[in-house]
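Hello,

Here is the structure we spoke about. Please have a look before you read my notes.

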Amino acid sequence: MVSCDGNGQAVALLGRGEVPDAACRALGDPVRGHGIHVDPDGAGRVHGIGALVGALPPTAIWLRFEPARHVPAIDRAQFLTLCGTVSQALQRAKASDAQRTVALTLQRSILGPAELPAGFAVRYEPAVRPLEVGGDWYDVVRLSDRGVGVVVGDCVGRGLPAAAVMGQLRSACRALLLQAKGPGAVLTALDGFARLIPGARCTTVFCAIVDKVSGHVRYSSAGHPPAVLAHADGGSELLNGAQSFPLGTVPLDIRPEDAVWLHAGSTLLLYTDGLVERRGERLGTGVARAVAAVAAGTVAAAGTVALGTAPVGTAARQPSALANRVVAATLPDTGYDDDVALLIYRHPGVAPVAVTIAAEARELRRLRAEVGRWLDAAGVPAGPAGAMLVAVGEACTNAIEHAYQFDADRQVTVWMSVDAGRLEAVVRDTGSWVEPLAQPALGLRGRGRMMMEALMDVVTIDGGPLGTSVHLVKEIHGDG
Amino acid sequence: MDSFSATPHGNRVTVTGDVDMATAPMLREALQAADGRPLIVDLSGTSFLDSAGVAVLFDYAGDGLELVLTPDSVVTLVLEVTGLTKAARIRYSAGPALDDHQ
């Protein structure tokens, strides 16, 4: 930086290396460092003058004169005054920086987590700048290997007072979720807490517990706009089955709870009303806009799966791409009027499995081992998993015994899938078309068939000239 | 999924592992080898049992057969849905003996 002195001569501000060593030492000395320092030429003129403007780290202004010149006492005094002013300004700037760091650290600590489990994305827009937080919040809490608590809430008001209340409610809600008694119980307990916090009354909260393996979602809403569930087939629904009053308003013994299933590729959207409210517009219009955006994004993400274009599709399948899409579709030209929090979960589902065995008795054990591992990985509870293993085993035993009559060169294939609490299997043999008289379907009677029907919810047997196919369905109940 | 074994010891046969079409004949041999009545078959360590195993057990059900089971296991479920728990005397390994035929 270069400026001019009163005589029109250039005065350069120098880097540390360009200041004379003696002056540097003097300015850096804690005892001698105060006051003005000069670099005399021995003939009444000076090459430069300097003074400290900051202590930690030592910071000084040094003016170099070329050629050396006489600096009268009044100029030296003015220089010192100037340095004093600069020093005060520096100190204020540093203090302000420190306060800003404190404020940001505190703000970020009361916001939701920055790192999310796979499948989740969040967006947060405070209405009042330069604050980074407002009265809205989101939270994502890992409860177990497969259980994740998700929360979106909205405190009354905006700005700092609302943010202070929000931070307390978020922490309390997180602690209650960790007890994992269910979203209805979390909100019921949060009621009592909200009554203790001035300004927390009338906060609205949507709380859900997502089973990431099975796709089962339990939820409860304290006066909050309904979450949106969009499916890969384009269908969508509003989660409005467990509505109750905002926090701290009407005393309730227990808040209601409802449950839904996510299918493979389904998207769950939780949001605060800032996302859907626009001045001069009915609330329903904004909700419809958000539903349309998340439904379109869900279908688009599912489409990339079907095309199998992995490099392109991977990004589009990410929940953050869906979140961007929802923001783009709902953001007014003038920006959001209110705080906005949105939280998205995209359910990947479990890939089906196919196991083919040779038609002989000792293969049954390998079949059970492979299907058993898949059932375990798919998070199917022990009861339905065991029943399915028995039923599939009966269907295979029948195929080996009757369709193939123990011809080990033939094969039986088992397909299995689980989606939205429905465990399904198809056991197919292709044996009978060579020997149409074998009538494999007729073999499925007696005890084996009775066991399948007792253990399964649906048993359908299609026997034809191309073989027999046994379709088995077992419904899994939410927490079972 | 342990390997199958059926070990007779006096009137008691302890069965571990999976009983299916492949191992049911071995279960039948073990029951034949058991000495004395009533026959007690301990299925509390059995991990799997299908209709082939149920058929073997039914053949011994008329003779005061006693089954030792683990409650809530898939083996117990299979014996319930096939009616074998009504045709034999049932004792649960983790609970008290049940005297009447349930």
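Predicted model: local features only at pLDDT ≥ 70, side-chain atom pairs only at ≥ 80, totals over all residues.

Cores. The largest nonpolar core counts 67 residues. Inside it, Met388(A), Ala391(A), Val392(A) and Cys396(A) have the most contacts. Helix H9 of chain A, residues 382–403, is the top contributor with 11 residues. Leaving out residues up to four places away in sequence, Met388(A) touches Leu375(A), Leu423(A), Ala425(A), Leu472(A) and Lys474(A). There is also a second, separate core of 66 residues. Val133(A), Met166(A), Leu169(A) and Leu270(A) are among its members. As background, nonpolar side chains in soluble globular proteins tend to be buried together.

Helix H11. This helix spans residues 446–455 of chain A. Its residues Gly448(A), Met451(A), Met452(A) and Leu455(A) are buried. They sit on the same side of H11(A), because they cover an arc of only 100° around the axis. An α-helix has 3.6 residues a turn, so residues three or four places apart point the same way.

Strands. E3 (residues 37–40) and E4 (residues 46–54) of chain A run antiparallel, joined by 3 bridges. Pro40(A) is opposite Val46(A) of E4(A). Their hairpin has 5 residues between the strands, and Gly42(A) there takes a positive phi near 90°. E4(A) also pairs with E5 (residues 59–69) of chain A, again antiparallel, over 7 bridges. Here Leu52(A) has Ala60(A) in E5(A) as its bridge partner. This hairpin has 4 residues between E4(A) and E5(A).

Best wishes

Technical notes
Residues numbered from 1 in each chain as written. Chains lettered and ligands numbered in written order. Buried ≥ 20, exposed ≤ 12 C-beta atoms within 10 Å, placed from the backbone. Helix = DSSP H or I, 4+ residues; strand = E, 2+ residues; numbered from the N terminus. Arc of directions from axis to C-beta. Core = buried A, V, L, I, M, F, W, Y, C linked by C-beta atoms within 7 Å. Contact = placed C-beta atoms within 7 Å. Pairing = 2+ DSSP bridges.
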